Amino acid sequence: MFKTSFISLLIAASPATFATTIQSSICEPVNVPVFTTQDSTTTATTEIISGTTSSNIAVSVQRNTQHIATLTSDSSGTFSLQVSLAPGSNSFTATSTNNCGSASSQDPVTITRTLQQNQESPMTPIIASPSNEEPAEQEVTPTTQETTTKPDVITLRITAPSGEIGTAANTLTTSDESVFLKGMSHPSAHIEISNNDIKVADLIAANDGSFGVLIPLSKGTNILTIQASFAGVSTTQILTYIRNEKDTPQFTALTISGAVVIGAAIVGLILHNKLQLKHKSKRRR
Amino acid sequence: MKQYTRHLLVLAILALSLLAPAISSAIPGDYGAGSYGACTYNTCGITVSSDSVVNMNVTPGSSTTCTTQKDSVVVTTDSPTGYSLSMKSNTSSSNLVGSSAAFIPPVSGTQASPTTLSANTWGYRVDSLGGFGGGPTTASNNAAPSAATFAAVPTSVQSAASLASTSAAANPGVTTPVWFSICANTATPADTYSTAITFTAVVN
């Protein structure tokens with residue numbers, strides 16, 4: 001009887017419970033990004049594309065399905081970006097993402113970069129030799145040529161994080177989680193940066209050729225490949241950053257040695273007291 | 001010293017003689033059978049579980065926008081007298097609380113007299129319970145306000161809302177769909193708002 005009542009009491013006092021979280025995200029409205037830049041054909045190597053979306057929202061821009069930049073629209077919802085153009089079709093899409101991760105994108109804007117035919121008649125052979133010399137017999141197949149003035153060489157000078165380190169295969173050691181890479185190159189050069197063969201930045205140098213970008217560093221070796229290209233000419237530099245762990249204070253040895261000292265003192269005290277007691281009892285006897 | 005040991009021995013024998021009936025009734029042979037109130041041996045365990053998190057994301061449009069989602073509450077018991085399921089908030093308020101000072105209050109309706117959701121309120125409903133009506137309620141995202149009625153989840157200092165009461169064993173478990181809905185407009189700042197509630201199941 002006692003056992004039955006006791007078990008019943010236990011059951012009555014043991015309801016099953018389960019906690020649930022009710023969660024609601026109120027999401028920023030997302031206006032589909034609309035390019036104000038029209039589809040066009042150009043011979044330029046860069047173009048500024050603009051559009052509108054919700055205000056102060058993250059806008060991701062892709063070129064031919066490859067992500068090239070993430071920017072934030074201004075308070076009126078406008079965004080714009082200078083992009084480099086590859087020869088042929090450059091299809092740009094923009095995706096706006098709100099605080100709930102809801103994304104919205106529109107039909108792409110397509111900018112086609114054409115290569116202007118050489119001013120010479122296609123039938124006129126181009127002689128691949130210095131004009132002051134006797135024409136060579138070898139004919140070169142007529143080709144297209146970019147209208148942009150083609151530089152002989154693209155300069156690329158990396159000037160960060162400390163001083164100029166403009167030669168290849170530099171190795172720097174840091175404990176920082178990122179490095180702000182600054183440099184100079186050809187005006188409007190297309191700068192691509194890869195870290196351990198993974199592309200981490202894609203930008204256009206300013207009109208004065210300067211560029212700067214924050215590059216996250218992973219632990220260990222970070223081989224940064226910086227390529228500057230303009231009008232089909234490119235140059236590459238490689239920097240190696242070795243990211244070490246930040247030094248952390250080591251308390252373990254100190255703590256252990258402190259504990260050993262205190263422990264030894266206590267044991268010594270006990271032994272000392274015991275000896276004194278023994279000594280006293282001997283003297284009593 | 002010997003006297004002390006002798007006293008201890010006498011006390012031990014006395015204690016054993018008093019405990020003997022209880023010990024003999026608790027030998028292994030007694031387990032595996034028998035009735036204990038409304039339960040037979042090993043039949044009165046009860047468990048309750050649900051989906052743990054109910055997410056209701058709302059992207060307000062030009063007018064009030066609502067999202068409705070379900071939490072499936074499962075109670076399992078072998079009790080032949082069934083179980084009772086109830087629900088209340090873990091806090092003294094039933095507001096959905098955001099990361100800042102903003103919050104979303106519950107609808108004013110009760111289980112007996114539920115109401116439709118107005119802008120920037122939330123609530124629960126169980127089809128065919130109390131004054132909720134039959135439904136059936138369906139999940140929806142960013143929809144226009146519906147005619148379905150909802151009630152406020154009781155606070156921790158109020159009586160729990162009874163969601164189900166049965167009179168038969170529930171094994172396999174019996175599911176009670178509890179619907180939660182929120183309506184919002186652009187007056188509510190974009191943020192994540194939440195609260196915790198507890199489902200309680202007891203054998204009848």
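Guide: Start with the contact between the two chains in this predicted model. Chain B gives 46 residues and chain A gives 25 residues.

Visitor: What makes a residue count as part of that contact?

Guide: Its heavy atoms must lie within 4.5 Å of heavy atoms on the other side. By that rule, 46 residues of chain B and 25 residues of chain A take part.

Visitor: What area is buried between chain B and chain A?

Guide: About 2800 Å². Carbon and sulfur atoms give 59% of that area. On the side of chain B that touches chain A, S15(B) provides the largest share, 13 residues. That side divides into 25 nonpolar, 18 polar and three charged residues.

Visitor: Why are strand S1 of chain A and S15(B) said to pair?

Guide: Pairing needs at least two bridges. Strand S1 (residues 16-26) of chain A and S15(B) have 11 bridges, so they pair, in the antiparallel sense. One of the bridges joins A:Thr21 to B:Ala196.

Visitor: Now a single residue. Why is A:Ile191 called buried?

Guide: Buried means under 20% relative accessible area. A:Ile191 has 0%, so A:Ile191 is buried.

Visitor: Where is A:Ile191 found, and what is A:Ile191 in contact with beyond its neighbours within four places in sequence?

Guide: A:Ile191 is in strand S16 (residues 190-195) of chain A. Its contacts include A:Leu203, A:Phe211 and A:Ile226. A:Ala201 is also among them. The C-alpha atoms of A:Ile191 and A:Ala201 are 7.8 Å apart, and the two residues are 10 residues apart along the chain.

Definitions and conventions:
Residues are numbered from 1 along each chain as its sequence is written. Chains are lettered from A and ligands numbered from 1 in the order in which they are written. This is a predicted model: local features need pLDDT of at least 70, side-chain atom pairs count only at pLDDT 80 or more; totals for chains, interfaces and linings use all residues. Side-chain values use heavy atoms; hydrogens and water are left out. Helices (H or I, at least four residues) and strands (E, at least two) are DSSP runs, numbered from the N terminus. Buried means under 20% relative accessible area, exposed over 50%, partly exposed in between (1.4 Å probe, protein chains only). Buried area is the accessible area (1.4 Å probe) that two parts lose on being put together, summed over both. Ala, Val, Leu, Ile, Met, Phe, Trp, Tyr, Cys and Pro count as nonpolar, Asp, Glu, Lys and Arg as charged, and the others, Gly among them, as polar.
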